[in-house]
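Open the model in your viewer and keep the selection tool ready. The tour goes from stop to stop.

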Amino acid sequence: MGNADTKLHFRKAVIQLTTKTQPVEATDDAFWDQFWADSSVTIQDVFALVPAAEIRAVREESPSNLATLCYKAVERLVQAADAGCPSEKERQIVLNCIRLLTRILPYIFEDADWRGFFWSTVPGAGRAGRLDEDDNDDEARPLAESLLLAVADLLFCPDFTAQSHNRSSPDTAEDIRSIDSCEYIWEAGVGFAQSPPLNYIHDLNRTELLKLLLTCFSEAMYLPPSSERKNSNPWVSFFCSTENRHALPLFTSLLNVVCAYDPVGYGVPYNHLLFSDYREQLVEQALQILIVTLEHEAGSAAGAALQALDGSASASAGEEQEPAGPDNLFVNYLSRIHREEDLSFILKGLARLLNNPLVQTYLPRSTKRIQFHQELLILFWKFCDFNKKFLFFVLKSSDVLDMLVPILFNLNDARADQSRVGLMHIGVFILLLLSGERNFGVRLNKPYTLRVPMDIPVFTGTHADLLIVIFHKIITSGHQRLHPLFDCLLTVIVNISPYLKSLSMVAANKLLHLLEAFSTPWFLFSLPQNHHLVFFLLEVFNNIIQYQFDGNYNLVYAIIRKRNVFHQLANLPSDTASIQKALQKKKKKSGISRTSSTEAESMEGSRPAVPAEPGTLKASLEATPGIDKITEKSQVSEDGTMVAVPHPDPPPSPAAAGGSDLESSSERDHEVDPADSDAARSRLSSVSSSAAWSANPDWVLSWKTKLPLQTIMRLLQVLVPQVEKICIDKGLTDESEILKFLQHGTLVGLLPVPHPILIRKYQANAGTAMWFRTYMWGVIYLRNVDPPVWYDTDIRLFEIQRI
């Protein structure tokens, strides 16, 4: 009964606040204490007992009361942080204040007039609540700063969120101001060796504090997307600055809690059904705080410092001078992690968690499946992007394959689900980033022996085969909103192709099927940039023939079998009548041709990729820039080093009928997934930029003459007669004999001089930074449903849509 009483008491206080027309004095403690001192209400209760309509009503009709409520709640947190929460009652007050602020903050942010409120100073605050931290401060701190510093202190509060080291007597609480929080790091790992005993109360309290922190940072959701917006999130900037004395131990705690987490625990089947895993909730919040705090503008002064940190920008005369690094201390610390054991701990932790949904057991649903794989991918992305030592460490051994397989699993699983377009993009972006490094291509030659159930054809081969088979599946059976990713998918294959020692027959046939589909005249003439896909595939074949001919007899055989595709490409008609005729055929087609691809049996235990359930919520995404905007070409020189290639692009920019030059593949900027419109902007639909455009003979000739067909034509010229002769002489009908012949054949001295290897390396820019910001916050919005922190508030960064 007691709980019902406290709820009633709390609800009465809320009603009093909403019905009072006169301002209530800040000194009226009896009134304000009703909200936190006399009750114990869960965060779910707070959300139920403080309805959105009432918060907005107070905001509009008695703004001074809402301001005082926020101020008093922050004041109580500051006092508690100063005192170190010595009693159970104090801790309950802290939790009530946290819950109330978590409920109210989004309604402060959604109103532009209120957004500056937390950054203003409250008159007299310095006297009343010592919100100004130090006695010698003449200026009172803005409310936001006081709140953030109090939360940081409370995250290392002995007996509340950390194991107490003080064992003398319960009365002498450790002075929170004098403790060294580096001794209270939450978990062993980077920079900390002891693993404190698990305490689920501490985990719950940390989780609530982190949820409030995330709510503070979420002001970003209430500002419309804009690439111009260089000014960073003020809450994050302050929290990750030198003003926060706990920045290092907190960054370390968050990182270690995530990377040390093992959802399977002791391996007891169904253990997750028997008891609550409070650590999982903490891990999820810690991960979300990490990805939000690690947001960092490329191109900023911090970006330059970060480059200097990697050594790429600092060629100073011999002496080891450490540059200052970015202002954001979390980014700074992340970029400096360098010890092998630390890098290994992080990589193994991320790989363990990402592989969790793939772990198959004989007892269905007997092991816990984590749901935060999207946040893990964003964190892995940030590590690779900000810490080049980590990237090289990942690629140094086959451990990178422990990341690759779950990424491919997720791409394959999400390909038919429109609500997971963002997951598809982040997976492909990570593979694009990795494929810019030679070691990635080399690692892919390791045989693929795992049997993760995926609905793809069974094959025997390498991890490269797995990647190609899944990319083929995405292109031929993904939904239409994935069309803008085709360039990225093929760029990844181009980047790895010079290093692939032996493709399986299944993968070789998939590549040829893609060429067949993309080189049909109706597809090539449909949109101004479709021919780029053919250029990419030809580049793949050329790289393999020139640099890895010996082991790739399956691919050579597939090219010989499909030689008519290459001959048709070389003889592509370019007169107006033929163009019109091809486009008439287009009207009868509805997508990539799927008929000529014979699907083998899918893997055992797999389930087909399914579309989203009707009514599923999804967050809209910003457009992603075209492939030429997010990559930079580098040429691999003979000693293996990379040299940047100046800009003019081999595949020509298509000249529009009106004579204006359309940008190459970045033209798709306008068409890529601007999810404010639900229509699938597919490559095969006319888009605003191409509406006035139509294929003409000059345009076709401008790129047809540049098709890199010489190497393949030479190969066909030499090998086709030899293969035909063997078949006739020996009466062969069995392809294994032909493959044996090709296996021992050689084209040394017969092919054109090998072309230099071109690698397209990922380059961050304002467009991708904006995409990541909207994607990250969209994920966080949709994943925080209990309680629904931002539900039904006026979000501006993206739209929430129902499938």
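Select Pro-787 in the loop between helix H34 and strand S5 (800-802). Helices (H or I, at least four residues) and strands (E, at least two) are DSSP runs, numbered from the N terminus. The peptide bond to Pro-787 from Asp-786 is cis, with omega near 0 degrees.

A word on the model. It is predicted: local features need pLDDT of at least 70 and side-chain atom pairs count only at pLDDT 80 or more, while totals for chains, interfaces and linings use all residues. Residues are numbered from 1 along each chain as its sequence is written, and side-chain values use heavy atoms, with hydrogens and water left out.

Next, select H34 (residues 766-783) together with H17 (residues 373-386). Their axes come within 10 Å and cross at roughly 150 degrees. Axes here are lines fitted to C-alpha atoms, for helices over the stretch in contact, and angles run from 0 to 180 degrees between N-to-C directions. H17 and H34 are therefore roughly antiparallel. Angles over 145 degrees count as roughly antiparallel, under 35 as roughly parallel, 65 to 115 as roughly perpendicular and the rest as oblique. The crossing of H17 and H34 is left-handed; that is, the near helix is turned anticlockwise from the far one by less than a right angle.

Show the side chains. H17 brings Gln-374, Glu-375, Ile-378 and Trp-381 to the contact, and H34 brings Phe-772, Tyr-775, Met-776, Val-779 and Arg-783. Contact means heavy atoms within 4.5 Å. Six of these contact residues are nonpolar, one is polar and two are charged. Ala, Val, Leu, Ile, Met, Phe, Trp, Tyr, Cys and Pro count as nonpolar, Asp, Glu, Lys and Arg as charged, and the others, Gly among them, as polar.

Which residues lie closest to the centre of the second largest pocket? First, its volume is about 890 Å³. Now select His-373, Gln-374, Ser-419, Arg-420 and Arg-783, the closest to the centre among 43 lining residues. A pocket, on a 1 Å grid over the protein atoms alone, is an open set of points where a 1.4 Å probe fits, with protein on both sides within 12 Å along at least five of seven lines; lining residues have an atom within 4 Å of a point. Grid points are joined across faces, edges and corners, and the volume is the space filled by probe spheres set on the points.

H34 gives the most to this pocket's lining, with seven residues. Elements giving two or more residues include helix H19 (400-414), helix H20 (421-435) and strand S1 (617-619). The lining of the second largest pocket holds 21 nonpolar, twelve polar and ten charged residues.

Follow H19 to helix H22 (residues 463-477). These two pack at about 20 degrees, with axes 10 Å apart. That makes H19 roughly parallel to H22. Their crossing is left-handed. Look for Leu-404 and Leu-408 of H19 and Leu-467 and Ile-470 of H22, among the residues of the contact. Ten contact residues are nonpolar, two polar and one charged.

Then take H20 with helix H23 (residues 486-496), at about 25 degrees and with axes 9 Å apart. H20 passes H23 in a left-handed crossing. Contact residues include Phe-429 and Leu-432 of H20 and Leu-489 and Val-492 of H23. This contact has eight nonpolar, three polar and no charged residues.

Last stop: Asp-159, in the loop between helix H8 (143-154) and helix H9 (200-217). Asp-159 is not a glycine, yet has a positive phi of about 70 degrees.
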